[in-house]
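Colleague: I would like a close look at a single part of this model. Please pick out one residue, its surroundings and its partners, and walk me through them.

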Amino acid sequence: SIIEKTKYPLYEVVVVDNASTDGTCQGLEELRRRYGILVVRNALNLGFAKACNQGAAIAKGRYLVFLNNDTVVTDNWLGSMIEVMVKDSKVAIVGAKLLYPNDTLQHAGVVICDAPAPITPGHIYRGKPSDFGPANLDREYQAVTGACMMVRREVFDRVGGFDEGYVNDCEDVDLCFKVRLLGYRVIYSHKSVVYHYESISEGRFKHTMDNLRRLNRKWIGTIQPDFHHPLPKVSIVILNYNGAADTIECLKSMYGLQGDRTINFVEGLYYSSFQVIVVDNNSRENDRNVLLEWMGKANLTLHAIDPGSIRSQKQAFRQEIVLISCSENLGFSGGCNVGIRHALTCGADFVWLLNNDTITDSFSLWSNILFFMKEILNP
């Protein structure tokens, strides 16, 4: 499709083969002889970022275009991106309109949402018809997809290319963030149209969560979301009985605490709308004191209440730790029911029962909520 459709005359094609085993090598050799394409062959699959950096290293053009192999280009796809680039010297990245084979939108720009992680990239207007009005305007975004992305060579080199710490996801968004940090612009070009079969490569989503964590660790505090998702309120109920050490480790994992004092939300639960209700089932006094002392040192907002004070009327839902101290051991069911009753009086939409000897993953709460609320992924 590149050879048939590209009208812009001054271009070269560099193909980086990531250790294919399906006859790709023979096909590329034929294309090299017929059309003069440049081929780089890797003995191992090095992933998207490393392979793209390899291709960029031998490319000679003033502009680099990174194009997925599961794409089919249309007339003037390349010229349209160049047109946007030459109009403004501060434009360093241009992305194309990507369509599914059924002519619905796959990409018309990348927006940043605040869920499931504080920085979560998503394709705006995905699934809308190709003639959807807002997608047929050039627009500046914080990022565009690397499935079809034009980059100024000098800027690409200046920011060090793609971050090779990512594995087949988020490299393109990270590159856009780096470019924007230098004061350059990222533009979506609606006139550059490419069909994209999307994500057919083997192992494409194997490292998605790790890549998202890396993106957040690098950019939280610098990048602000474009969209806020109104998330359901969740009360996490934990039962403690002479298990302060386990409960503390569980709480540390939720809040991303390093040591006793430093809260790091990038390492904690990637979910903002939660409170923790710790129900102490009449533990020994020294065990409760250990728990209370740690909470004080950790500078966590603590609200201690008596189980007898739990009322049926609604109370404010606060993102805090609620400590309910029972005067007797009510057992698992009884203790959990005390926590659930308080959660419901606070207006919780969901209650998550969690053993105190567990360690949470960043996405664990989100994964539970997503089972019920899948539609909130779409901005």
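Modeller: This is a predicted model. Start with D280, which is buried, with a relative accessible area of 1%. Its side chain meets that of R288 in a salt bridge, 3.8 Å from N to O. R288 counts as partly exposed because its relative accessibility is 26%.

Now take D174, the residue for our close look. D174 lies in helix α6, which covers residues 171-181. D174 counts as buried because its relative accessibility is 0%, and the cut-off for buried is under 20%. What does D174 touch, leaving aside residues up to four places away in sequence? The list is D163, Y166, L215, K218 and W219.

Two of these names deserve a second look. The side chains of D174 and Y166 are joined by a polar contact of 3.0 Å. K218 forms a salt bridge with D174, and the closest N and O atoms are 2.9 Å apart. This pair links distant parts of the chain: K218 sits in helix α7 (residues 208-219), D174 in helix α6, and 44 residues separate them. Side chains of opposite charge can pair when their charged atoms come close. K218 is partly exposed, at 34% relative accessible area.

Stay in helix α7 for another pair. D210 and R213 meet through their side chains in a salt bridge of 3.0 Å, N to O. They are three residues apart in the helix, so about one helical turn separates them. D210 is partly exposed at 47%, whereas R213 is buried at 11%.

How values were computed. Residues are numbered from 1 along each chain as its sequence is written. This is a predicted model: local features need pLDDT of at least 70, side-chain atom pairs count only at pLDDT 80 or more; totals for chains, interfaces and linings use all residues. Side-chain values use heavy atoms; hydrogens and water are left out. Helices (H or I, at least four residues) and strands (E, at least two) are DSSP runs, numbered from the N terminus. Buried means under 20% relative accessible area, exposed over 50%, partly exposed in between (1.4 Å probe, protein chains only). A polar contact is a pair of N or O atoms within 3.5 Å; within protein, one must be able to donate a hydrogen and the other to accept it, and residues adjacent in sequence count only if both atoms are side-chain atoms. Contact means heavy atoms within 4.5 Å. A salt bridge is a side-chain nitrogen of Lys or Arg within 4 Å of a carboxyl oxygen of Asp or Glu.
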